[in-house]
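Subject: Structure handover

Hello,

Here is the structure I promised to pass on. My notes on what I found follow below it.

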Amino acid sequence: MIKLPLTLALGAAVALGACTDPSSVGGVNDPNRNANRGALIGAASGAALGAVVSGNARGAALGAVVGGAAGAGIGYSLDRQEAELRRDFDNEAVQITNTGDSLIVTLPQEILFASSSYEIQPGMRGDLVVLANSLQNYQGSTVQVTGHTDSSGDAGYNQTLSERRAGAVANVLTSNGVSSTRVQTFGQGENRPIASNLTPEGRALNRRVDVVILPNA
């Protein structure tokens with residue numbers, strides 16, 4: 001016979017999977033969609049954890065309440081930070097993706113660096129300062145800066161270039177007030193393409209730096 005805590009944990013896991021569908025928490029134009037989604041995810045996770053830790057339904061219910069409140073707060077904060085960044089960035093080529101539990105700011109190489117260079121172009125420094133200011137306004141997050149290249153040329157060279165480009169972006173953020181303890185840098189070289197490297201358009205999309213903002217739980 002399945003014990004009650006396990007039943008609750010399984011039910012919470014099902015709810016967690018269901019609420020990842022944006023249609024289950026409001027349309028794509030709902031300004032509070034990620035706050036709502038975060039509340040559902042937090043409630044499901046909290047219920048599962050509460051059931052396992054406490055071994056009873058009361059623990060699951062308490063976990064759902066606590067988790068839901070935390071998730072809603074994270075979702076609301078991300079929605080607000082996203083809106084402010086969209087308002088303040090001065091370059092339409094900068095892309096922002098709000099996943100509900102993180103923000104991904106994608107900076108195409110063409111606006112950041114000259115070909116084969118890791119020196120940031122002067123025109124982009126203003127937007128990086130905007131990003132740094134936003135990160136200071138929203139202190140409770142970890143920032144992962146990851147460089148990517150296309151597959152042209154030597155793989156080792158591309159790996160080193162991606163690392164240096166990530167470091168260059170991170171240096172601008174930290175030199176404008178973001179604590180270095182919050183910032184992590186990575187180079188993925190040509191290993192994480194988001195488009196085909198067989199076309200010029202695809203290669204252009206693959207040459208990028210992603211800044212991932214991860215709220216701390």
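Start with the pair near the end of the numbering. R208 and D210 form a salt bridge, with their closest N and O atoms 3.2 Å apart. Both partners, R208 and D210, are buried. Salt bridges with shared partners also tie E110, D150 and R207 into one network. Please keep in mind that this is a predicted model.

Salt bridges

The structure has five salt bridges. As background, side chains of opposite charge can pair when their charged atoms come close. Two more of these pairs deserve a look.

E82 pairs with R86, and the closest N and O atoms are 3.1 Å apart. Both residues sit in helix α3, four residues apart, so about one helical turn separates them. In general, residues three or four places apart in an α-helix point the same way, because the helix has 3.6 residues a turn. The two ends of the E82 pair have their own levels of cover. E82 counts as buried, because its relative accessibility is 8%, under the 20% cut-off. R86 is partly exposed, with a relative accessible area of 48%.

D88 pairs with R87, and here the closest N and O atoms are 2.8 Å apart. D88 is partly exposed at 35%. R87 counts as exposed at 60%.

Overall layout

The protein chain has seven helices and five strands. Along the sequence their order is α-α-α-β-β-α-α-β-α-β-α-β. The chain has 217 residues, and 41% of them count as buried. Among contacts with a separation of 6 or more, 69% link residues 24 or more positions apart. The chain exposes about 11200 Å², with carbon and sulfur atoms supplying 57% of that area.

Is Q81 buried or exposed? Q81 counts as buried, because its relative accessibility is 2%, under the 20% cut-off. Q81 belongs to helix α3, which covers residues 57-88. Setting aside neighbours within four places in sequence, Q81 is in contact with L103, S134, L135, Y138 and I213.

The nonpolar core

In soluble globular proteins, nonpolar side chains tend to be buried together. The largest nonpolar core here has 31 residues. Which of them touch the most other members? They are V105, L107, L112, I120, L131, V145 and V169. The elements giving two or more residues to this core are α3, β2 (103-108), α4 (109-112), α5, β3 (141-148), α6 (155-175) and β5 (208-215).

Not counting residues up to four places away in sequence, V169 touches L107, L112, F113, I120, L128, V145, V209 and V211.

Helix α5

Helix α5 runs over residues 122-137. At 1.5 Å a residue, its 16 residues should span 22 Å, and its end C-alpha atoms are 24 Å apart, which agrees. The buried residues of α5 are M124, D127, L128, V130, L131, A132, S134 and L135. Two of them, S134 and L135, are also in contact with Q81.

Helix α6

At 1.5 Å a residue, the 21 residues of α6 should span 30 Å; the end C-alpha atoms are 30 Å apart, so the two values agree. Its buried residues are N158, L161, S162, R165, A166, G167, A168, V169, A170, V172 and L173. What covers them includes β2, α4, α5, β3, β4 (183-187) and β5.

At its start, a side-chain oxygen of D154 comes within 3.0 Å of the backbone nitrogen of G156. After α6 comes G177, which has a positive phi, near 105°.

A loop residue to check

Where is S116? S116 lies in the loop between α4 and α5. Its phi is near 65°, which is positive in a residue other than glycine. S116 is partly exposed, with a relative accessible area of 46%.

Best wishes

Terms used. Residues numbered from 1 in each chain as written. Predicted model: local features only at pLDDT ≥ 70, side-chain atom pairs only at ≥ 80, totals over all residues. Heavy atoms only, no water. Buried < 20%, exposed > 50% of the residue type's maximum accessible area, 1.4 Å probe, protein only. Contact = heavy atoms within 4.5 Å. Areas by Shrake-Rupley, 256 points an atom, 1.4 Å probe, with all protein chains shown as cover. Salt bridge = Lys/Arg side-chain N within 4 Å of Asp/Glu carboxyl O. Expected span 1.5 Å × (residues − 1). Core = buried A, V, L, I, M, F, W, Y, C linked by side-chain atoms within 4.5 Å. Polar contact = N/O pair within 3.5 Å; in protein donor to acceptor, adjacent residues only side chain to side chain.
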